[in-house]
Amino acid sequence: MKNVKVGILGSGDVGKSFARAFGALGHEVVIGSRSPEKLSDFVGGEGDRVTSGTFEEAARSGDLLVLATHGLATEEALTMAGKSNFDHKVVIDATNPLDQSGGMPRLVIGLTDSLGEQIQRSIPNARVVKAFNTVGNPLFFKPELPGGPPDMFIGGNDADAKKLVSQVCEAFGWGVIDLGGIEASRYLEPMCMAWVVHGVISGTWMHAFKMLHK
Ligand SMILES: NC(=O)c1ccc[n+]([C@@H]2O[C@H](COP(=O)([O-])OP(=O)(O)OC[C@H]3O[C@@H](n4cnc5c(N)ncnc54)[C@H](OP(=O)(O)O)[C@@H]3O)[C@@H](O)[C@H]2O)c1
């Protein structure tokens with residue numbers, strides 16, 4: 001994968017994991033927040049290639065954008081970032097539509113729609129690819145599990161965008177399973193709950209999905 005400028009919307013563990021991974025691969029990264037100053041310690045430890053900015057600065061600067069915002073605040077973050085800054089760009093959507101106010105996370109969109117589709121409708125000129133939403137962020141980069149590389153399940157409407165995101169997944173150490181258009185988010189977002197529930201029941205959080213074939 002050739003070098004690309006990456007803009008990340010999201011200052012939580014997910015945004016930081018992406019920033020660290022893209023930085024380690026030599027890409028230039030702007031990680032965005034409503035309060036970029038809170039990222040100064042983080043970017044200070046990541047070398048010259050990783051800087052912080054507002055959501056707008058991150059979205060403007062990147063040729064490849066990543067959505068790593070709280071699922072239910074993503075529309076607000078897109079508005080703050082300026083929707084035209086997403087035009088024609090490849091956007092990795094790692095969000096999940098979870099309400100975490102009551103303890104155990106609860107999916108609040110589904111069956112006939114998904115957050116991935118809502119995001120694609122909200123930024124219609126962007127090329128949104130759902131990816132990285134079905135695994136915990138500590139395993140995003142070089143998961144190195146004993147059973148071999150796990151599979152990242154992705155969906156998006158644009159074939160070239162999925163090609164680039166597949167290259168990202170492979171560079172991060174993942175196989176790729178393409179589930180078709182962005183409506184695959186209807187299946188990928190509930191998959192995150194299967195990952196979470198297994199974590200709760202087993203008390204372990206270093207697991208990932210893999211498709212086995214005969
Ligand atoms: N945790 C995981 O391992 C994991 C794995 C896969 C996918 N995901 C998904 O990835 C996303 C990020 O997860 P996370 O755990 O890193 O962090 P999070 O707490 O879900 O989200 C943090 C980000 O959301 C932004 N945000 C919160 N409220 C906002 C509002 N009202 N308006 C605008 N922005 C707002 C925050 O902005 P500020 O920077 O201004 O604080 C911050 O950048 C979520 O959708 C989650 O479901 C999580």
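**Talking through the model**

Modeller: There are seven helices and ten strands in the chain. Helices (H or I, at least four residues) and strands (E, at least two) are DSSP runs, numbered from the N terminus. This is a predicted model, so local features need pLDDT of at least 70 and side-chain atom pairs count only at pLDDT 80 or more, while totals for chains, interfaces and linings use all residues. Residues are numbered from 1 along each chain as its sequence is written.

Biologist: How much of the chain counts as buried?

Modeller: 44% of the 214 residues. A residue is buried if 20 or more other C-beta atoms lie within 10 Å of its own, exposed if 12 or fewer, and partly exposed in between, with C-beta atoms placed from the backbone.

Biologist: OK, the ligand. Which residues are closest?

Modeller: Gly12, Val14, Ser33, Arg34 and Ala73 are the closest of the 24 residues that surround the ligand. Being near means that the C-beta atom, placed from the backbone, lies within 6 Å of the molecule.

Biologist: Which helix gives the most to that shell?

Modeller: H1, with three residues. Helix H1 (13-24) and helix H4 (74-81) each supply at least two.

Biologist: Next, H6. What span should it have?

Modeller: Helix H6 (residues 159-172) has 14 residues and should span 20 Å at 1.5 Å a residue; its end C-alpha atoms are 20 Å apart, which agrees. The expected span is 1.5 Å times one less than the number of residues.

Biologist: Which of its residues are buried?

Modeller: In H6, Ala161, Lys162, Val165, Ser166, Val168, Cys169 and Phe172 are. Seen down the axis of H6, the buried residues fall within an arc of 160°, so they line one face of the helix. The arc is that of the directions from the helix axis to the C-beta atoms. On the other side of H6, Ala159 and Asp160 are exposed.

Biologist: And what covers the buried residues of H6?

Modeller: The cover includes H1, strand S5 (90-93), strand S8 (127-130), strand S9 (151-156) and strand S10 (175-178). Contact here means C-beta atoms, placed from the backbone, within 7 Å. After H6 comes glycine 173, whose phi is positive, near 105°.

Biologist: What about H7, what do its buried residues pack against?

Modeller: Strand S7 (106-107), helix H5 (115-122), S8 and S9. The buried residues in H7 are Ser185, Arg186, Leu188, Glu189 and Cys192. Just after H7, glycine 203 takes a positive phi of about 70°.

Biologist: Switching to loops: where is phenylalanine 132, and is it buried or exposed?

Modeller: Phenylalanine 132 sits in the loop between S8 and S9. Phenylalanine 132 is buried, with 29 other C-beta atoms within 10 Å. Its phi is near 65°, a positive value in a residue other than glycine.

Biologist: And glutamate 144, buried or exposed?

Modeller: Glutamate 144 is exposed, because it has 10 other C-beta atoms within 10 Å. Glutamate 144 is also in the loop between S8 and S9, and has a positive phi of about 45° although it is not a glycine.

Conventions:
Two residues are in contact if their C-beta atoms, placed from the backbone, lie within 7 Å.
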